[in-house]
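User: Please take a close look at one part of this model, a pair of packed helices, and then follow up with the strands.

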Amino acid sequence: MVASQVAAGEVVERPASVIKELMENSLDAGAKSLEIEVRGAGSVLLRVSDDGSGMDREDALLSLERHATSKITSAADLATVRSMGFRGEALPSIASVSEFVLRTRQASASAGTEAVVKGGKIVAVREAGCAPGTTVEVRSLFFNVPARRKFLRSAATEAAHLDRAVETVALAFPGVALHYRRDGRAVHRLPASASLASRVADLYGAEERAALLEMPEVAGKGIRVSGLVSRPGATRADRGRQFFFVNGRAVENVFLSTGLREAYRQMLEPGRHPSLFVHIAMDPQAVDCNVHPAKREVRFRHGAEVRDALRSAVEAALRQARADWLQPVRAHLTARVPPPTDHVPPARPLRVAHQPELPRPVMPESPPDPGTAAPRVLSEEFRLVGALSRRYLLLEGGEGLVLLDQRAAHQRILFERLQRGVAGGGVAVQRLLAPAVFELPAREHEAVAGNLAVLAAAGFGVEVFGGRALKVEALPDFLAGRDPQRVMEEFAAACVSGGAPRLRGQAAEEAVRRAVARLALDEGGAKDEREQCALVTQLLACRLPYCDPDGRPVMLQFSWRELDRKFGRD
Ligand code: ADP
Ligand code: MG
């Protein structure tokens, strides 16, 4: 029993690890349907019922003894075993730290068996009437290990881990029906699905599904990769929707995260993460799952090959999406205007100074600003048709009709320019005819004063002018003509609401994102044709023209084929 409790420390970290072990046992037993019930974030009740093979009385009792796994018949099996668990210690470990009931029946048997265990001691074994399959009920987890119980996090945290554990199994086995109830509320009722894509839709909604690209199946070198990945722009602020499965088992490995990152390299804002649901099938001998009994970390014999296989699958999906519509449009447009330069001057050290020098003007990047805009016909096969309600622009491209949201486009343009500035890249500066001096409320003033160096790098010639006053002598050129006070107020407000005193990394990105949302074009949109052309040109010079900084689409395309179909012409 002591040994079990020690083992419990390894296997049973928290309620979510119990649920994970129980669900995996059910799947190992061939279950096609799971019922999961949780109360009190798992410390009151955890229950998993399945319609799997069930056990006879003898096996049921055996399963409560340590190392009583039925899954290994010879030592050689250890290397090739494909099932989830193969240590034979989950059930005894869980039973040693809870009030535990196992009810199980084989389909062919007339009656089932019920075993009641408390803190590792079997207190009753009896015949029981129950449906074929197995139910394991775990109550009062850690009731006899107060130190562990105390170690549990808040109910919300434990519940989030439970949800994640259930989602993981749901995604690993789309073909298994799964009902999940938490505190009497149905969280998921998932029918058995024919595909991962429909399981994702059932789990997270049709919208999430629509924001994903199907990866073409990539196979080679004994590795087969399939799954779904975010469309460019449809990314998230966290990694909560990244799931890697190897041979049906959820895993973590640095080669996998690297493969994903490398594929997405040019398409992600800092701090954004794509969703990914990927299944990798490979020789089980080339995966070592035994790094830690309860953890997901695995080792690959050929990590670089796995990384490359994943990267090519994701790249293929992204290439496909791009080719689908943006690429031709962009190619036609940029044929006539100077190509966008990705050249960014080297970052300057961000010295924190109270009287920063005014940033020295550098050459503005190509695409021209309003005033020097390209003509209406942007190229032979791409032209501006006009504005719709001043909100949208209508473009005709080689592939069809493109609708462009002016405000979203402007947000994207401002975002990339400001972000580049804040990150230390040079920006062109426009001096004001007369400096603007004004006061800000204390917190806002502090926010600006604390970020003078970053602001200077981003093209803001601003200094503290005693008390709560600021003096602004220059603005980045793309904000020229704006009211300097309004611009500084928006920035200060963005810094304050971001909660971070210094604009760095994630905080800087967040502040830029917020400020841009406030500074972008109002509903009015570009004034005239020249401004409209300039907007399109600048947009297509952006690194990520598809989406605004919040991931909303900037352009929608309606292909000729789609239009013809809608008009019944084909
Ligand atoms: P392991 O899964 O590593 O074998 P466990 O302690 O998780 O060890 O389970 C012990 C044994 O109990 C399993 O090998 C299996 O034979 C049996 N068992 C556990 N859960 C179930 C279930 N839901 N249905 C059928 N058999 C089960
Ligand atoms: Mg197990």
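Analyst: Helix 7 (residues 155–172) packs against helix 8 (residues 196–204) at an angle of about 155°, with axes 9 Å apart. Axes are lines fitted to C-alpha atoms, for helices over the stretch in contact, and angles run from 0 to 180 degrees between N-to-C directions. Helix 7 is therefore roughly antiparallel to helix 8 (the term covers angles over 145 degrees). Glu-167, Ala-170 and Leu-171 of helix 7 meet Leu-196, Arg-199, Val-200, Leu-203 and Tyr-204 of helix 8; contact means heavy atoms within 4.5 Å. Six of these contact residues are nonpolar, none polar and two charged.

This is a predicted model: local features need pLDDT of at least 70, side-chain atom pairs count only at pLDDT 80 or more, and totals for chains, interfaces and linings use all residues. Side-chain values use heavy atoms, without hydrogens and water, residues are numbered from 1 along each chain as its sequence is written, and chains are lettered from A and ligands numbered from 1 in written order.

Now the strands. Helices (H or I, at least four residues) and strands (E, at least two) are DSSP runs, numbered from the N terminus. Strand 22 (residues 469–476) has seven of its eight residues buried, so it is largely enclosed by the rest of the structure; buried means under 20% relative accessible area, exposed over 50% (1.4 Å probe, protein chains only). Strand 20 runs antiparallel to strand 22, joined by seven bridges. Val-437 has Lys-471 in strand 22 as its bridge partner. Leu-433 lies in strand 20 and is exposed, at 91%.

Key. Angles under 35 degrees count as roughly parallel, over 145 as roughly antiparallel, 65 to 115 as roughly perpendicular and the rest as oblique. Ala, Val, Leu, Ile, Met, Phe, Trp, Tyr, Cys and Pro count as nonpolar, Asp, Glu, Lys and Arg as charged, and the others, Gly among them, as polar. Two strands pair if DSSP finds at least two bridges between them.
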